[in-house]
Amino acid sequence: MKILKSKWLKIVLAVLVIAAAAAYKPLYDGYTEYRKTAVPVLEYHSVGGSSDWPAEIIIDKDAFEQQLAYLQKNGYRMISMEQMIAGFKNNEDLGKAVVLTFDDGYMDNYTNVFPLLQKYGANASFFIVQSKIGKPNYMGHDEIMDLIRAGNDLGSHTINHHILTDIDPKYFAWELSSSKFFLKKEFDMYYVHLLSYPNGQYDDEVIAASQKYGYNYAVTGKNGAVDKNWVLNHPMEIGRVIVKGDMDEKAFADKLERSYLLGYLKSVVFGSLFFY
């Protein structure tokens with residue numbers, strides 16, 4: 001009797017293993033396909049700025065170059081938001097790509113980042129705090145124009161970097177619409193339609209106001225790679241991989257890999273749920 005029970009237990013376990021494998025295979029196959037077209041969007045701030053600044057917003061210049069070298073070595077195209085969006089809209093094969101974005105408009109984005117972008121054949125998107133243009137430690141008109149002429153994107157990071165979910169909605173017009181207007185006016189009528197929410201914070205009311213004032217796409221502080229389906233259906237909630245200054249190459253590579261899985265779970269398995 002014990003032998004019989006043991007035999008049936010093995011059969012039941014085998015059936016369960018086979019059922020689990022059968023259920024897992026579609027997920028695995030879907031993830032494999034997702035990885036072929038998904039694009040991680042990397043979020044940077046200062047590169048080589050003051051060592052007194054927190055690791056959340058500053059990364060060493062040499063560490064940044066090592067990351068670019070890692071991406072190049074591993075076959076990534078380093079592109080801007082506009083290039084990714086255009087590729088998705090036009091059904092282009094982007095290949096293995098990653099988007100580079102920089103928030104705030106620090107001067108080191110010009111002195112340290114720009115030469116490295118040129119060295120590695122990369123483009124990026126720069127989200128500018130409009131009131132900071134030309135202030136100490138921030139890029140001025142000429143530096144930003146050089147970035148634009150080289151094929152990089154200009155986007156808004158609002159007028160004053162106020163957290164939009166914390167302010168009275170009556171100020172949305174100033175932070176969003178005026179920022180878009182002043183950037184367009186200062187930079188040869190540049191079409192500003194990309195937005196980075198300050199501190200990545202937003203809600204439905206912020207999304208509605210952003211679209212009302214002419215933004216077509218916005219990046220968040222929530223992790224997860226994005227694919228064509230996500231960008232075209234959730235254009236105001238494009239997740240990013242936050243790159244911190246205390247990350248070594250392994251941590252950078254691991255977080256990049258993790259972004260694919262989180263993006264897949266977000267867009268395919270859990271729908272609108274978000275993972276940090």
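## A pair in helix H9

Asp-254 and Lys-250 both belong to helix H9, which covers residues 249-269, and they stand four residues apart, about one turn of the helix. In this predicted model, the side chains of Asp-254 and Lys-250 meet in a salt bridge, with a distance of 2.7 Å from N to O.

The two partners can also be described by how much of each is accessible. Lys-250 counts as exposed because its relative accessibility is 57%, and the cut-off for that word is over 50%. Asp-254, with a relative accessible area of 41%, is partly exposed.

Helix H1, made of residues 2-37, holds both Lys-36 and Glu-33, which are three residues apart, or about one turn of the helix. These two residues form a salt bridge in which the closest N and O atoms are 2.9 Å apart. Lys-36 has a relative accessibility of 53% and so counts as exposed, while Glu-33, at a relative accessible area of 46%, is partly exposed.

A further salt bridge joins Asp-146 to Arg-149, and here the closest N and O atoms are 3.4 Å apart. Both residues lie in helix H5 (residues 141-149), and because they are three residues apart in that helix, about one helical turn separates them. Arg-149 is exposed, with a relative accessible area of 59%, whereas Asp-146 is partly exposed, its relative accessible area being 27%.

## A network and the overall count

How many salt bridges does a search of the whole structure find? The search finds seven, and the pairs described above are among them. Salt bridges also link Glu-43, Asp-103 and Arg-240 in a network.

## A patch of negative charge

Which residues gather in a patch of negative charge on the surface? They are Asp-168, Asp-203, Asp-204 and Glu-205.

Is Asp-204 buried or exposed? With a relative accessibility of 67%, Asp-204 counts as exposed, because the word applies to values over 50%.

Definitions and conventions:
Residues are numbered from 1 along each chain as its sequence is written. This is a predicted model: local features need pLDDT of at least 70, side-chain atom pairs count only at pLDDT 80 or more; totals for chains, interfaces and linings use all residues. Side-chain values use heavy atoms; hydrogens and water are left out. Patches are made of residues with over 30% relative accessible area and no salt bridge: like charges are joined within 9 Å, nonpolar side chains (Val, Leu, Ile, Met, Phe, Trp, Tyr) within 5 Å. Accessible areas come from the Shrake-Rupley method with a 1.4 Å probe; for residues, only the protein chains shown count as cover. A salt bridge is a side-chain nitrogen of Lys or Arg within 4 Å of a carboxyl oxygen of Asp or Glu. Lys and Arg count as positive and Asp and Glu as negative; His and the chain ends are not counted. The place of a charge is taken as NZ of Lys, CZ of Arg, CG of Asp or CD of Glu. Buried means under 20% relative accessible area, exposed over 50%, partly exposed in between (1.4 Å probe, protein chains only). Helices (H or I, at least four residues) and strands (E, at least two) are DSSP runs, numbered from the N terminus.
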